[in-house]
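Subject: The two-chain model

Hello,

Here is the structure I promised to pass on. Please open it alongside this email, and I will walk you through what turned up.

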Amino acid sequence: MATTTATITLASGDLLSNAISFSSTASLTKAGNSTGLTETSGLARTNFTDDPIHQKLIYRGDDATSDGANKIYMKNLSTTPSEYFQIYVNSEEMGRLYAGDWAFFPWAANNGTKRVFTVTIAATWAIGDTWEFDGVKLYADSATVGSIANQIHALNYPNWVTTHTTDAATVVFEDRVSGLGGTTVVVTADGTLNTDGNGTANISSAAVSVEGVGDIYAKPSVATTMDLEHMLFRQ
Amino acid sequence: MATTTSTLSLTSPDLTGDALALSVSKICYKGGTTVGLDQSTGLTRAYLTATTSIDIFPVVKGTTNAAETGKVYIANLSEDETEFLIVSLANSVIGRLYAGDFLWMPWTPQAQHLSDIEIVPSVATGMVVEYMAVHNFANIYPTSADS
């Protein structure tokens, strides 16, 4: 296991009548035990130069274990005092990070839901039949439904991952990340089929996809260049 | 003006192949200026014995500080590694502070209830927490007023 230590020191000689100076140190451990966090996104730097101004997704809820002892570090690298980032947890604005400001906070990483559906290869297929989905095209190299399903599973889809039992007629598709279908869209028969026989590739209806409610966004105050430094510690 | 300095140190010799030794320090300024924040709730230490939500920094009705930036410090002083504190921004959970964990985050209150910072202990057997805000807001009340 890794040992990662975070220490905060807060000091002021004149905020109150009595000087304050305190420090707190935390070992970053997994939820509910003393095992150190072992994964990190690495220290990252994201540039914002968009006109009009756009917010960017910094960390998606899917990036870490929900309700884990995840931590996020952020710093606004600007040196212009008036420039800030608005930091959002889902749609709620946490606050503004002005030039040089930093933050270190826990992250629940509440995941959204992913759409899941099943494709069933059935009826009569012929070698050379095609099936296309998510921009990926299959050319059947067999007339056997199990073999065609094997081929479908073997392909790589930009937005989906598949699970499949060898030679079974079905392939299960799942979103790579949650929320891509919006909050109301259900997968319909997106596959494009072209067969010489009467082969079918029907799909089951899919669960509604929901965006992760723990997604972290940042929005710069100006369209001229600004940089955000950030790092995720996750379990 | 007051000068309040927050410093963070993040270190690890073995989290990645390259040792981590990051240190940042910043004076807490009012939004968009180089004038120091001049108000504070004071450092509160509380012993919580119920798993109910508590507004530690509620926003006063009718006030808005959308262009400002306060700073919030919260620490879970529990020594039982299974005990945690759920920290929320109104209804949006930010994360869980496990025993010994702390946070330091910006806070820009938008409106009452929408921007309240709330905590919920995981157990009712007693947890000690510390919290403090450094700010320049018109009003925030360190009392419970969740709704």
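To start with, in what order do the four strands of the open sheet in chain A lie? The order is β5-β17-β7-β8, and the pairing is antiparallel. At the edges sit β5 (56-59) and β8 (92-98) of chain A, each of which pairs on one side only. Leaving direction aside, neighbouring strands in this sheet are turned by 30° against each other on average.

Before I go further, please keep in mind that this is a predicted model. Its scores are ipTM 0.92 and pTM 0.85. For chain B, the mean pLDDT is 88, with 90% of the residues at 70 or more. One stretch of chain B to read with this in mind is residues 142-147, where pLDDT stays under 50. The model has 14 contacts beyond four places in sequence for that stretch.

**A closer look at the sheet**

Strand β17 (residues 216-220) of chain A pairs with β5(A) in the antiparallel sense, over three bridges.

Is Y217(A) buried or exposed? Y217(A) has 20 other C-beta atoms within 10 Å, and 20 or more is the cut-off, so Y217(A) counts as buried. Leaving out residues up to four places away in sequence, Y217(A) touches Q55(A), K56(A), L57(A), I58(A) and Y88(A).

Chain A has one helix and 18 strands. Its radius of gyration is 24 Å, well over the 18 Å that the globule rule gives for 235 residues, so chain A is more spread out than a compact globule. Along the principal axes, the C-alpha atoms of chain A fill a box of roughly 85 × 45 × 25 Å. Buried residues come to 39% of the 235 in chain A. Among the contacts in chain A with a separation of 6 or more, 68% join residues 24 or more positions apart.

Chain B has zero helices and eleven strands. For its 147 residues, a compact globule would have a radius of gyration near 15 Å, and the 16 Å of chain B agrees with that. The box filled by the C-alpha atoms of chain B is roughly 50 × 40 × 25 Å along the principal axes. In chain B, 46% of the 147 residues are buried. Residues 24 or more positions apart make up 75% of the chain B contacts that have a separation of 6 or more.

**Where the chains meet**

**Backbone details to check on screen**

Most residues other than glycine have a negative phi, and most peptide bonds are trans.

- The peptide bond from D51(A) to P52(A) is cis, with omega near 5°. P52(A) is in the loop between β4 (44-48) and β5 of chain A.
- A123(A), which is not a glycine, has a positive phi of about 65°. This residue lies in the loop between β10 (116-122) and β11 (130-133) of chain A, and A123(A) counts as exposed, with 12 C-beta neighbours inside 10 Å.
- D134(A), also not a glycine, has a positive phi of about 55°. D134(A) lies in the loop between β11 and β12 (136-139) of chain A and is partly exposed, with 14 other C-beta atoms within 10 Å.

Conventions. Residues numbered from 1 in each chain as written. Chains lettered and ligands numbered in written order. Predicted model: local features only at pLDDT ≥ 70, side-chain atom pairs only at ≥ 80, totals over all residues. Helix = DSSP H or I, 4+ residues; strand = E, 2+ residues; numbered from the N terminus. Rg over C-alpha atoms; globule rule 2.2 N^0.38 Å. Contact = placed C-beta atoms within 7 Å. pLDDT = per-residue confidence, 0-100. Pairing = 2+ DSSP bridges. Axes fitted to C-alpha atoms, helices over the stretch in contact; angles between N-to-C directions.
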